[in-house]
Amino acid sequence: TLTLVSVEEDALRVNAEVSLAVLQNTIPSLVLRVPEGYSILEVRGPGVGDWRELERRDGTYLEVPFDFPKKGNFALSIAAERILPGVAQAADYTGFTVVDAIREKGFLGIELKGAAEVVVSSVQGADPLDVSELPGPLIGRSLKPLLFGFKYLRSPFSLVLDIRKHEAVPVVSTVIDLASHARWIGPVEPAGALDHHALLVDAG
């Protein structure tokens, strides 16, 4: 699984690319445990039917039916979010766990897309990586430079992010209406010749 966690102004948004290998028989659907506090926004992939969230005693699950039984290698994409109502708070992420999977592993990258400070205050079950060591497809999905990278060999794992938002600072925008430049071009510049500049601006 390749997971991109985006820290935005109002939420943590997650995009998880889940790759599966069904070695024996076929499966008509897939069930994953949803990280606590996260809501599913979208599930995409070849042959993906009408997915639904299921509330059980031990948490929330995502059921993804297929239009036809799956076998071999295939992938699906899950988008989810967790709303961040406060100015400063700790938010955890434990990943999506595929129910009945024999083995699970993956990589995770964290990017910042808002005015905030982010610190990873706790890590369990995952190893930190230099972001340059993350898989290329995961790095390529990030619109901002990645701040942190992790690798895990089992699920669930746990990351706790301490997030402190900053208020946006208003700035004065400047529009350049006219700019001109004049310079003597020749083998010898006459004595006293100077560059001439003209700049008109409109500050709004």
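**Pockets and fold of a predicted model**

Me: How much space lies in the second largest pocket?
Reply: This is a predicted model, where local features need pLDDT of at least 70, side-chain atom pairs count only at pLDDT 80 or more, and totals for chains, interfaces and linings use all residues. Residues are numbered from 1 along each chain as its sequence is written, and side-chain values use heavy atoms, without hydrogens or water. A pocket is an open set of points on a 1 Å grid over the protein atoms alone, where a 1.4 Å probe fits, with protein on both sides within 12 Å along at least five of seven lines. Points join across faces, edges and corners, and probe spheres set on them fill the volume, here about 230 Å³.

Me: Which residues lie nearest the centre of the second largest pocket?
Reply: Lining residues have an atom within 4 Å of a pocket point. For the second largest pocket there are 15 of these. By class they split into four nonpolar, six polar and five charged (nonpolar: Ala, Val, Leu, Ile, Met, Phe, Trp, Tyr, Cys, Pro; charged: Asp, Glu, Lys, Arg; polar: the others, Gly among them). Nearest the centre are Arg33, Val34, Pro35, Glu36 and Thr94.

Me: What is the volume of the largest pocket?
Reply: Its lining counts 24 residues, with Leu20, Ala21, Ala101, Ile102 and Arg103 nearest the centre. The classes are 14 nonpolar, five polar and five charged. The volume is about 890 Å³.

Me: Which element gives the largest share of the lining of the largest pocket?
Reply: Strands are DSSP E runs of at least two residues, helices H or I runs of at least four, numbered from the N terminus. The largest share, 12 residues, comes from β2.

Me: How far apart are the C-alpha atoms of Arg154 and Ile102?
Reply: Arg154 sits in the loop between β11 (146-152) and β12 (158-165). Arg154 counts as exposed because its relative accessibility is 56% (exposed is over 50%, buried under 20%, partly exposed in between; 1.4 Å probe, protein chains only). Along the chain, Arg154 and Ile102 are 52 residues apart. Their C-alpha separation is 9.8 Å.

Me: Among contacts between residues at least 6 apart in sequence, what percentage join residues at least 24 apart?
Reply: The protein has one helix and 14 strands. Of its 204 residues, 35% count as buried. A contact means heavy atoms within 4.5 Å. The share joining residues at least 24 apart is 74%.
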